[in-house]
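Colleague: I have a structure open and would like to go through it with you. Can we start with the whole chain and then pick at single residues?

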Amino acid sequence: MTTVPYVELETFAAQCLTAAGASQQDAQATASLLTRTDAFGIHSHGLKNLAGYLEKSRRGAIDLTARPTTEVDGPAFALLDAHHAIGMVSGTQAMRTATEKAREAGIAVVAVHSSTHFGAAGLYALMAAEDGLIGLTASNVDPNMTVPGARGKVLGNNPIAYALPAGRHRPVVFDISLSAVASLKVIQAREDGAEVPEGWIVDGAGRPTTDPSRYPGEGAMMPMAGHKGYGLALLVDALTGLLANAATSDQVPSWYFEMDRPNDVSHAFLAIDPSLFGGSPDYAARVESFLDRIHAAPLADGAEEIRHPGQLEWRNYEKARDGGLSLPPEVVTTLETAGHSVGVRPPWV
């Protein structure tokens with residue numbers, strides 16, 4: 001593991017993006033989200049993807065200079081066209097718009113189309129929670145998951161996330177994709193020559209298998225909890241591509257494996273201002289008390305504590321802020337590739 005000071009890593013990412021053509025504002029917003037994602041310990045959705053974003057931009061499938069524009073605007077809703085901007089730019093603008101509208105209307109939803117992979121969905125929900133609001137974020141993605149009764153890839157494992165202000169606790173953050181497991185774990189098992197547990201994938205005929213050797217060329221991920229994950233993935237498409245009159249997950253190209261094509265994903269951002277609902281104590285204090293009651297539940301044999309969603313990630317974050325980010329070798333390698341592609345020297349070289 002290579003340990004890099006937080007600020008140095010964030011600065012390096014921003015410099016790469018500006019060297020590739022992004023404005024200082026957009027580069028800083030993107031670098032901040034990616035670095036924070038790694039600090040939370042979510043390396044699959046953080047800076048590991050920077051080289052891919054830069055390459056996609058070089059090929060014209062991401063526009064690092066694009067700014068989302070508003071197509072539909074109302075007191076508690078909006079629809080944005082991202083114009084193939086990098087997803088962190090469109091995601092940040094959309095959630096900021098949702099929170100501003102929610103402070104006036106109590107609740108607001110903003111949909112975005114023609115966007116690109118936006119990293120970890122929970123980071124956008126967290127924006128709302130850190131402003132004292134309830135945040136919910138969802139995105140469709142390219143098809144990588146089967147559905148009951150089908151063979152092959154039918155829907156994306158569309159991520160969905162929420163975040164809550166929590167008083168003296170750091171905000172609650174819950175962020176999941178809707179397949180049984182992240183596809184990267186299947187790919188890693190394939191590279192290691194190992195089997196995967198039952199319930200993770202199906203083969204090319206749609207039959208459950210523990211052999212990942214042909215994935216992702218053949219087969220597909222299985223939905224989380226069977227029909228439940230399927231139903232929630234369909235809901236995400238209903239709130240994103242269908243609501244925005246754009247591509248649904250069965251029509252979305254892969255942002256990574258189809259570098260020459262715009263990703264064309266859609267996102268949805270929901271913000272609720274709990275202060276407008278009244279009550280005493282305030283909402284964040286009520287969440288704090290609720291969490292305290294959960295933490296005080298009797299422990300199972302062998303358990304040391306009960307954690308709420310996001311608590312482990314916040315511990316990772318605080319450690320990274322104080323002592324630097326410990327980056328896995330594959331993240332270091334991809335960051336060196338990113339820096340080399342735009343002439344920016346990584347801080348550890």
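Predicted model: local features only at pLDDT ≥ 70, side-chain atom pairs only at ≥ 80, totals over all residues.

Colleague: Fine. How many helices and strands does the protein chain have?

Modeller: The protein chain has 10 helices and 12 strands.

Colleague: And what is the radius of gyration of the protein chain?

Modeller: The radius of gyration is 20 Å. A compact globule with 349 residues would have a value near 20 Å, so the chain agrees with that expectation. Along the principal axes, the C-alpha atoms fill a box of roughly 55 × 50 × 45 Å.

Colleague: How much of the chain counts as buried?

Modeller: Of the 349 residues, 49% count as buried. The chain exposes about 15900 Å², and carbon and sulfur atoms supply 53% of that area.

Colleague: What about contacts between residues at least 24 apart?

Modeller: Taking contacts between residues at least 6 apart in sequence, 68% join residues at least 24 apart.

Colleague: Charges next. How far apart are the mean positions of the positive and negative charges?

Modeller: They are 1 Å apart, for 26 positive and 39 negative charges.

Colleague: What does the domain assignment give?

Modeller: It gives domain 1 as 2-59 + 321-342, domain 2 as 69-179 + 223-277, and domain 3 as 183-216.

Colleague: And what separates the centres of domain 2 and domain 3?

Modeller: The centres, taken over C-alpha atoms, are separated by 27 Å. The contact between them takes 5 residues from domain 2 and 6 residues from domain 3.

Colleague: Let's do residues. Where is Val252, and is Val252 buried or exposed?

Modeller: Val252 sits in the loop between helix H7 (227-239) and strand E11 (265-272). Val252 counts as buried because its relative accessibility is 5%, and the cut-off for buried is under 20%.

Colleague: What does Val252 touch?

Modeller: Not counting residues up to four places away in sequence, Val252 touches Asn140, Val141, Asp142, Pro143, Ala247, Asn263, Asp264 and Val265. Pro143 is 109 residues from Val252 along the chain, and their C-alpha atoms are separated by 7.1 Å.

Colleague: Asp264 is on that list. What is its phi?

Modeller: Phi of Asp264 is near 60°, a positive value in a residue other than glycine. Asp264 lies in the loop between H7 and E11, and at 27% relative accessibility Asp264 counts as partly exposed.

Colleague: Which other residue has a positive phi although it is not a glycine?

Modeller: Asn245 is one, with a phi of about 55°. Asn245 is also found in the loop between H7 and E11, but it counts as exposed, at 73% relative accessibility. For background, most residues other than glycine have a negative phi, and most peptide bonds are trans.

Colleague: Speaking of peptide bonds, which residues does a cis bond join?

Modeller: A cis peptide bond joins Tyr215 and Pro216, with omega about 5°. Pro216 is in the loop between strand E9 (208-209) and strand E10 (220-221). A cis peptide bond also joins Ser280 and Pro281, with omega about 0°. Pro281 lies in the loop between E11 and helix H8 (283-295).

Colleague: Now Ser114. Where is it, and what is it in contact with?

Modeller: Ser114 is in strand E4, residues 107-115. Leaving aside neighbours within four places in sequence, Ser114 is in contact with Asp81, Ala82, His83, His84, Ala85, Asp264 and Val265. Ser114 is buried, with a relative accessible area of 15%. Asp264 and Val265 are also among the residues that Val252 touches.

Colleague: And His43?

Modeller: His43 lies in the loop between helix H2 (24-39) and helix H3 (50-58). Apart from neighbours within four places in sequence, His43 is in contact with Asp38, Lys48, Ser326, Leu327, Pro328 and Val331. Ala20 is 23 residues from His43 along the chain, and their C-alpha atoms are separated by 22 Å.

Colleague: Last one, Gln311. Buried or exposed?

Modeller: Gln311 counts as buried, at 17% relative accessibility. Gln311 is found in helix H9, residues 311-323. Leaving aside neighbours within four places in sequence, Gln311 is in contact with His295 and Ile306.

Note on methods
Residues numbered from 1 in each chain as written. Heavy atoms only, no water. Helix = DSSP H or I, 4+ residues; strand = E, 2+ residues; numbered from the N terminus. Rg over C-alpha atoms; globule rule 2.2 N^0.38 Å. Buried < 20%, exposed > 50% of the residue type's maximum accessible area, 1.4 Å probe, protein only. Contact = heavy atoms within 4.5 Å. Areas by Shrake-Rupley, 256 points an atom, 1.4 Å probe, with all protein chains shown as cover. Lys, Arg positive; Asp, Glu negative; His and termini not counted. Charge placed at Lys NZ, Arg CZ, Asp CG, Glu CD. Domains from an automatic or database assignment.
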